Amino acid sequence: MKFKLIVFLSILLTNTVKGQIGKPFIHDPSTIVECEGKFYTFGTGGGGLISNDGWTWHGGAVRPGGGAAPDVIKIGDRYLVVYGATGGSTSHKGIIYTMWNKTLDPKSPDFKYSEPIIVATSDGYEENDAIDPGIMLDPTTGRLWLAYGTYYGYTRIIELDPRTGKLKAGNKPVDVAIVCEAADLIYRDGWYYLLATHGSCCDGANSTYNVVVGRSKKVTGPYIDNVGRSMMEGGGKMVVATRGRLIGPGHFGRVILEKGVEKMSIHYEADLDQSGRSVLGILPIVWKDGWPVAGEKFKEGTYEIESVRRGYGLELAVDFTRMANAPRGFGQVNNDPIKPVPNQELADVIKNWPNGNINVRIGDYMHRPHQKWTITDAPDSTGYLGGPYYKIVLEGTERALTATADAQLITVPAFTGSPEQLWRIDQLTDGTYRIMPKIVPNSNKKLALVSAGDSTPSLAEFDFASDNSKWNFRVH
Amino acid sequence: MNKIRKSLHPVLAFFTLFSLQFFVNTATGQPPGFQRPPLPPIPIKGDTTHTLSRHFSTATNTKIAPYTNGFVHRWLVLEPIKKDIARNNIFTDNYLRNTFQTDNFLDNYLVVPKDGEMVKVGNQDLKWYGLDSKTFNFNLFNFSYDINKPKYGLLFWLVTVIDCPEEIQNVRMTAGCNSGGMFWLNGKEVLMLSGDRDMIVDNVASPLLTLKKGKNIIRGAVINGPGMANFCLRFIDEKGKPVKSISISKN
């Protein structure tokens, strides 16, 4: 038992600090893309990572051409891969290449890259180094834009032909930023955003990489930060910086999973829990006042699970037990010494609860044992893009939140690890959370925990437009 | 990704071809033994001559207004002092103070050198240039290239004179530089930019200070190892608005 506890604690501690699991070792990752049910990202030097679920990563992706810092986008039924021929050279001569593939699966018979095409160069004298490309298909116009450059001079934008991947005829580069690396363009709600990496890389735990952003109404800029500075003046609002023992995030890429669910792919220059190696990171994107900022990978702990609909807390459907402390007469003189009132404890109430399955409901949060949920990484290696599945039990018990075949919720006396007891937790773009069972028994539907009524939890299709689908985790 | 080059350039220069390839592969994540294919010819796109007029104008004896948004773009700049610097994160406060004290051309921070004057720092004979930058920032990397000096591992001394028609109270001197630097106003230290910084407008701001009526002398020093040495400087008021009611001269 002691051994098991140690192993369990080790897993706990390990998972709370890792960006991803498996062998997520990569530098300068391309934006994560999905291809035929798998996730891919390519890195510097050729090759890259593959994941079946978005949580566990391993090598195996194939990209010819060497060089550095690629990016990938799916256009129609093809993938356009862009990369720099160098990783930055002392001469600052560089080339950006594009090439196509019908699939990213190296085992597919369709896997074949087209001949690379030159779309940008730096001659070694101009104030630009043609590496670190980031690509965006403008959702409003269908035009294809590519940003590139490093700390050496300017970050530039060019337009490509989305049918050929070639430089659009007559297009000239536009300078949009200085002191940036690994720029990427994204679009949202009438704004173009230029996300770029500031700081220094490639120095392990001493790397100061961080991702900043400016925005513009025009794709060609000027990109202005939150205090009015142009990125041509070095401006930029912080998106993500070092987090705990994960040092120096850089090379932002945006992944839109569905409305309200977005992730960023990055690398950390050094994961201090993995020999200081450069690792892939995936974090939620939260949009706050029109600016993107990195959300949080869900942290294990004990929480109130609060419905956004009403602000009530998820609770066990058991009889409310009054606390002994009762109000005294208001307004009367009371000179008794002030002292804390102890919490109602699990032992005070659990004897009154049924032993078998117990329903759940949503009620006024009163900081009572039937309202506190302990959420930990499930002893299961599977996950989803950016996170593992979680086990949700009532604090101090093994009573586990479980999805039922009729799309309802119950708690069962013991956690078994069955998939209907595994929960996916995504931070949404507004900062709230979506909670989904790994499966709903006998169903192929992807359902999420919702508030069917103020006091009634259920499972239903996720709707970002409705607060019924959203939850917060409160620490009290 | 390119900053590994910024970081390692001076070191790599001393190694053999083999060890250079080894370090590049290690630093950029290239697999061991990886041979980067040679680049095809890349046409030169512009003027590559060592010519100051590409980036600067010669400072005249006539005062000028600051650049758009108040940037001080006229400076007397001394030819760079060569330094062996492998990484810019060595630029701690102590390092900068010690280095700028040691590799100084003159301890009197109220002296304004003359355009074209020669001074000695260590065993190097160095010349002062009076220049107006054609951009809001003063790109020292370009300056060094333009006068056909080394591009990396350099310390630059700077002096300029701010003329105020009236005393201006409650302003801040702000600067950004790549990578480390210090600035003094009328002989007093007002800005310290330590660490591996990028040139970012208003990156560091002084406490509120007063620009006196008449001449105010700014002394600056910027140091950089690998990367593009660069700086910008201006004054802002209490609300962060640029101070434009000043003029700049070189004497």
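In which loop of chain A is His92(A) found? His92(A) sits in the loop between β7 (78–84) and β8 (93–101) of chain A; strands (E, at least two residues) and helices (H or I, at least four) are DSSP runs, numbered from the N terminus. The model is predicted, so local features need pLDDT of at least 70 and side-chain atom pairs count only at pLDDT 80 or more, while totals for chains, interfaces and linings use all residues. Residues are numbered from 1 along each chain as its sequence is written, and chains are lettered from A and ligands numbered from 1 in the order in which they are written.

His92(A) has a phi near 60°, a positive value in a residue other than glycine. Most residues other than glycine have a negative phi, and most peptide bonds are trans. His92(A) counts as buried because it has 23 C-beta neighbours inside 10 Å. A residue is called buried if 20 or more other C-beta atoms lie within 10 Å of its own, exposed if 12 or fewer, and partly exposed in between, with C-beta atoms placed from the backbone. Cys202(A) also has a positive phi, near 65°. Cys202(A) is placed in the loop between β15 (191–198) and β16 of chain A, and it counts as buried because 27 C-beta neighbours lie inside 10 Å. In the loop between β16 (210–216) and β17 (237–240) of chain A lies Pro222(A). The peptide bond that leads from Gly221(A) to Pro222(A) is cis, with omega near 5°.

Chain A as a whole comes next. Its secondary structure comes to two helices and 35 strands. Of its 476 residues, 50% are buried. A compact globule with 476 residues would have a radius of gyration near 23 Å, and the 25 Å of chain A agrees with this; the radius is taken over C-alpha atoms, and the globule rule is 2.2 Å times the number of residues to the power 0.38. Along the principal axes, the C-alpha atoms of chain A fill a box of roughly 80 × 60 × 45 Å.

Chain A is divided into domain 1 (20–294) and domain 2 (301–320 + 342–474), with bounds that come from an automatic or database domain assignment. The C-alpha centres of the two domains of chain A lie 36 Å apart. Their contact takes 19 residues from domain 1 of chain A and 15 residues from domain 2 of chain A; two residues are in contact if their C-beta atoms, placed from the backbone, lie within 7 Å. On the side of domain 1 of chain A that touches domain 2 of chain A, β20(A) gives the most, with seven residues.

Within chain A, an open sheet of five strands has the order β1-β5-β4-β3-β2, with mixed pairing; two strands pair if DSSP finds at least two bridges between them. β1 (21–22) and β2 (33–35) of chain A stand at the edges with a single partner strand each, so one side of each is left without a neighbour in the sheet. Inside this order, strand β4 (residues 48–51) and strand β5 (residues 56–61) of chain A pair in the antiparallel sense over three bridges. Leu49(A) has Gly59(A) in β5(A) as its bridge partner.

Another strand, β23 (residues 313–316) of chain A, is covered on both faces: Gly313(A) and Glu315(A) on one side and Leu314(A) and Leu316(A) on the other are all buried. β23(A) runs antiparallel to strand β24 (residues 358–363) of chain A, and four bridges join them. Opposite Glu315(A) stands Arg361(A) in β24(A).

Chain B has four helices and 14 strands, and buried residues make up 43% of its 251 residues. Asp202(B) is in the loop between β9 (188–193) and β10 (204–205) of chain B. Asp202(B) is buried because 20 other C-beta atoms lie within 10 Å. It touches Thr174(B), Gly176(B) and Ile236(B), not counting residues up to four places away in sequence.

Both chains contribute to the largest nonpolar core. A nonpolar core is a set of buried Ala, Val, Leu, Ile, Met, Phe, Trp, Tyr and Cys residues joined through C-beta atoms within 7 Å. Of the 138 residues in the largest one, Leu146(A), Ala177(A), Leu194(A), Leu195(A) and Phe156(B) touch the most other members. Strand β6 (residues 154–164) of chain B gives the largest share of this core, eight residues.
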